Amino acid sequence: MRSWSRWSWRCSPALEAWVEEARRRAAEEAVRAVGNGDVVGLGSGRTVVYAVEQLARRVKTENLKVSCIPSSYQILLEALKVGLPTSSLYEHPELDITLDGADEVDAELNLTKGGGGALTREKILASNSKRYLVIVDGRKLVERLGSTKPIPLEVLPFAAPALKRRLERVFGRAELREGSGKLGPVLTDNGNFILDVYTGPLENPWEVEERMRKLPGVLEVGLFLGMAHEVYVGFKEGVKKLSRG
Ligand code: 5RP
C-alpha cells in the first residue's frame with residue numbers, strides 16, 4: 001500500500017509560498033492529457049482555474065477543439081472569461097475527461113471534496129467521464145480522509161436540522177456552512193445547503209459514505225472513492241503523477 005510519509009517533509013506550512021506555483025504546474029501537466037475533440041468536465045475551486053487557463057492556452061496555440069462542461073457558476077464564468085466553449089450534459093451526456101481539484105487525497109487516490117460546495121455536480125461529471133484527473137498541491141495528501149477537513153454533504157434545506165442531529169449522533173459535529181459575502185447559509189448552485197461533518201480520520205470511508213448517503217435528505221456526500229484515475233500532485237520540486245491500480 002502506498003504511503004505519503006516519505007513526502008510529508010515537503011508539505012510543512014512553512015513552505016506555503018510554493019503552493020500556487022505547484023498547483024499551476026500540476027494543472028499544466030494534467031491539461032496535457034486533454035485530446036482534440038474531447039468533451040471536458042471542469043470541477044470547481046482555485047486549482048481548476050489554473051486548468052481552465054492552461055486549457056484555453058492550448059486551444060489558442062494548438063487550435064485544440066474542446067467542449068467544456070463546468071460544474072459550477074464559478075467555473076462557468078472562468079471558462080467564459082478565457083473563451084473556452086461550454087456545453088452541458090444535454091448535448092454531451094458522456095465526457096472524455098474531467099479535470100478537478102480535491103481537499104484531501106489518500107494513498108488509494110480516494111478524495112474528500114466539496115470545499116467549494118460543488119460536490120454534487122463534480123461527482124456527476126466525474127462518474128460520467130472516461131477519465132477523471134485530479135490536481136492538487138502536496139499539502140492535500142493525507143493518510144486518512146477526514147483528518148484535515150470535514151466531510152461536506154449537500155443536503156435538502158428542508159431536512160438540514162434533522163440531518164444535523166442524526167449526523168452528530170453518529171459521526172461527530174456537523175456545521176451548516178455559512179456564506180462569506182452573504183449572511184446566512186451557503187446556497188449551492190443547486191439551491192441546497194451544505195453540512196460539514198467533522199468525522200476525524202476515517203478508517204473505512206466506504207462504509208461512512210454508504211451510511212451518510214442513505215439518510216433521507218442527503219443529496220450527495222463529499223467522499224469520492226475509487227473514482228480518480230490519476231492525481232497530479234504539485235510539490236516545490238515538481239509534479240508527481242499518481243495513477244490508480
Ligand atoms: C469544490 C471542490 C474543490 O475541488 C476543492 O475544494 C479544492 O479546491 P481548491 O483547488 O480551491 O483548493 O471540491 O467543490
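Trainee: How much space lies in the largest pocket?

Mentor: This is a predicted model, where local features need pLDDT of at least 70, side-chain atom pairs count only at pLDDT 80 or more, and totals for chains, interfaces and linings use all residues. Residues are numbered from 1 along each chain as its sequence is written, and side-chain values use heavy atoms, leaving out hydrogens and water. A pocket is an open set of points on a 1 Å grid where a 1.4 Å probe fits, with protein on both sides within 12 Å along at least five of seven lines. Filling probe spheres set on the points, the largest pocket holds about 670 Å³.

Trainee: Thanks! Which helix supplies the largest share of its lining?

Mentor: The lining of the largest pocket (residues with an atom within 4 Å of a point) has 35 residues, and Gly45, Gly114, Gly115, Gly116 and Gly117 lie nearest the centre. Helices (DSSP runs of H or I, at least four residues) take part too: H2 and H4 (119-127) each give at least two lining residues. The largest share, four residues, comes from H4.

Trainee: At roughly what angle do the axes of H1 and H2 cross?

Mentor: Let's look at where they meet. Contact (heavy atoms within 4.5 Å) joins H1 residues including Arg23 and Ala27 to H2 residues including Tyr50 and Gln54. The axes, lines fitted to C-alpha atoms over the stretch in contact, belong to H1 (residues 19-31) and H2 (residues 46-62) and come within 8 Å. Their crossing is right-handed, at roughly 45 degrees.

Technical notes. Axes are lines fitted to C-alpha atoms, for helices over the stretch in contact, and angles run from 0 to 180 degrees between N-to-C directions. A crossing is left-handed if the near helix is turned anticlockwise from the far one by less than a right angle, and right-handed if clockwise.
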